[in-house]
Amino acid sequence: MKAFTQITGLACPLDRANVDTDAIIPKQFLKSIKRTGFGPYLFDEWRYTNYGEPDMDCTNRPLNEDFVLNQARYKGAQVLLARENFGCGSSREHAPWAIDDYGFRVIIAPSFADIFYNNCFKNGILPIVASAEQVDQLFKECESTEGYELNVDLPSQTVTLPSGASFSFDVSETSKKNLLNGLDEIGLTLEHADKIKAFENQHKVSQPWLFT
Amino acid sequence: MAGKTLYDKLWDSHLVHQDADGTSLIYIDRHLVHEVTSPQAFEGLRLAGRKPWRNNTIVANPDHNTPTQNWDKDIEDPVSKLQVDTLDKNMKEFGSLVYFPFKDKNQGIIHVIGPEHGTTLPGMTVVCGDSHTSTHGAFGALAHGIGTSEVEHVLATQTLIAKKSKSMLVKVNGKLGAGVTAKDVALAVIGVTGTAGGTGYAIEFAGDVISDLSMEGRMTICNMAIEAGARAGIMAPDEKTAAYLKGRQYAPKAEQWEQAVAYWNTLKSDTDADFDAVIELDGADIQPQVTWGTSPEQVLPIGAVVPNPADETDPTKRTSIENALQYMGLEANTPIEEIKLDKVFIGSCTNSRIEDLRAAAEVAKGKKVASNIDVAMVVPGSGIVKRQAEEEGLDRIFTEAGFEWREPGCSMCLAMNADRLSAGERCASTSNRNFEGRQGPGGRTHLVSPAMAAAAAVAGHFVDVRNV
């Protein structure tokens, strides 16, 4: 897994609630059997005015100029500002794959859907839950200030605004440790292999029909 | 000390390891696999030189990409075909308990075939790289969707890294009125909770309305728990659960059956269990539901009018209503019954089981699909559902009324195959998501029950099925 320590990155405000994973990466791109190459199709139906197909070259596709990612001032953004319930809907990990491939490393929102939130950590993306008021402030400042950059520091669990003001965020100890070190979760779990086997043996006794 | 909820019992009986911060390893009994979210996981195993921990927990089949007609032509889209072929290859290489390849007589939607073969049982943990895995909670299993990295983790370790959710009780009391179905209950609940109301929770559904439902109806409700934001929906198993499972291929047999049923009878929330949240609804208040917007929470009873954003005081919600009305091509205050349709889709892991098809056929019998409906299609959830429906003559009722009778699969629920809406087309759909572009770019989806969908196909617009 990709490690995350800290970044100072340009923020981009996506001002919509309940952004679902169908919007993040439409279904036609889920036909790929790879984990990479989804970035050009991130928010495909909002970003372009024509229909996107898998493996399409996006360099000359007609852009929806109104869509925030297409505005020159947000080019190269690494921090996505979002509204409540970001990532709802399908469990497709293609959504964080697309977000990562595009170049975002952090998403800040008042709330995330559960499966999407988990999927982010598996891909080196840090999802930060902040209060609705805090997110509102970030949206306002970001929209009114070109080149609005946020510093996101995972060891201290702090986001620092250009003004120098900062706020802290929660992250579970395990997720933090894995993200900081880019640890292979499967390898870590397999360190508990004896425990899993012991559980399995006892489970086989209590519910033998699950093992026939 | 308060008693345990059903969710507590399922969690505790699968807990392998717990870190100080609550991060846990949960043992997984059943792993459902389909072609879309698994190729990268198997590739990950291959690259790391790992093998599945217990391949006889895997139940698999392709469903998202498979066509629903012209099976003699195989899969015409080469990208879809590669994904389905990749599942074939992975199943051959890594092995499974059950695998139905494309065109197998038992192939179908993974959430339909699992229960059909008795591979979903009370007391199990069930995962799948698919958010609608919550469906299996109808059997008293802890079942939820996972991402592809987690699919790989479960394959390699038979466990999932998880944190315990909070618990919510949704109690639906009383009785449903005639013409009101499980789908209407699911939509009405989401109308109350919102699409994020269940985030962070496992929802237990209980109450007389739930007890009165068939297993098919219960699956419809648990299926849509995720649309309320809850990864898992669960229901306590009862006599109906056992009756449904008895004799199915992978259900316990002989003396193990009695032992299993005795255990399953303990799978219910203790009377003194505490829930973190409780919502109660009266079944008699639930009307047939129709979504009007681009989120399942944007739902109203059939007799209502499309909302006016000017009446909404919360600015974020007002913007959501405005965006939804614009995308859906609807004017504020339009009566739902005046919304005209172009297509009708009866199918999906929410509503493609035999009981759903019976309910739709009962409405369609002896009638004709309205002339303004371009396509009305019925897509059974599995080969078994299809054959059962054909034995009962439901296929003929549909085709005589002008519906298309298709082969099983996910179909136009998410439009990964050729079944989709064109931009601007409006569809009454028995599926689970009305998101922008879900059924095709620019397509407009209204979620309804099978009976409401059939009634809308006949009328050409939404209509109260209770008056048909």
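Is A:Phe86 buried or exposed, and at what relative accessibility? Hold on to that one for a moment, everyone.

First, some ground rules. This is a predicted model, where local features need pLDDT of at least 70 and side-chain atom pairs count only at pLDDT 80 or more, while totals for chains, interfaces and linings use all residues. Residues are numbered from 1 along each chain as its sequence is written, chains are lettered from A and ligands numbered from 1 in the order in which they are written, and side-chain values use heavy atoms, leaving out hydrogens and water.

Now back to our phenylalanine. A:Phe86 counts as buried, at 0% relative accessibility. Buried here means under 20% relative accessible area, exposed means over 50%, and partly exposed is in between, using a 1.4 Å probe and protein chains only.

A search of the whole structure finds 20 aromatic pairs over all chains. Rings of Phe, Tyr and Trp (its six-membered ring) pair if their centres lie within 6.5 Å; planes under 30 degrees apart are stacked, over 60 edge-to-face, and the rest tilted. A:Phe86 and A:Phe116 make an edge-to-face pair, 5.4 Å centre to centre with 75° between the planes. A:Phe86 sits in the loop between strand S2 (79-81) and helix H3 (94-102) of chain A, and A:Phe116 in helix H4 (residues 114-121) of chain A, so the pair ties together parts 30 residues apart in sequence. Helices (H or I, at least four residues) and strands (E, at least two) are DSSP runs, numbered from the N terminus. A:Phe116 is buried too, at 2% relative accessibility.

Next, a pair across chains. The rings of A:Trp209 and B:Tyr263 have centres 6.1 Å apart and planes at 50°, so this pair is tilted. A:Trp209 lies in the segment after helix H8 (193-206) of chain A and B:Tyr263 in helix H10 (residues 254-264) of chain B, so the pair joins two chains. A:Trp209 is buried at 3% relative accessibility, whereas B:Tyr263 is partly exposed at 23%.

Finally, please look at helix H3 of chain B, residues 78-94. Its buried residues include B:Val84, B:Leu87, B:Met91 and B:Phe94. Seen down the axis of H3(B), the buried residues fall within an arc of 150° and so line one face of the helix; that arc is taken from the directions from the helix axis to the C-beta atoms. On the other side of H3(B), B:Pro78 and B:Lys92 are exposed. After H3(B) comes B:Gly95, with a positive phi near 85°.

Thanks, everyone!
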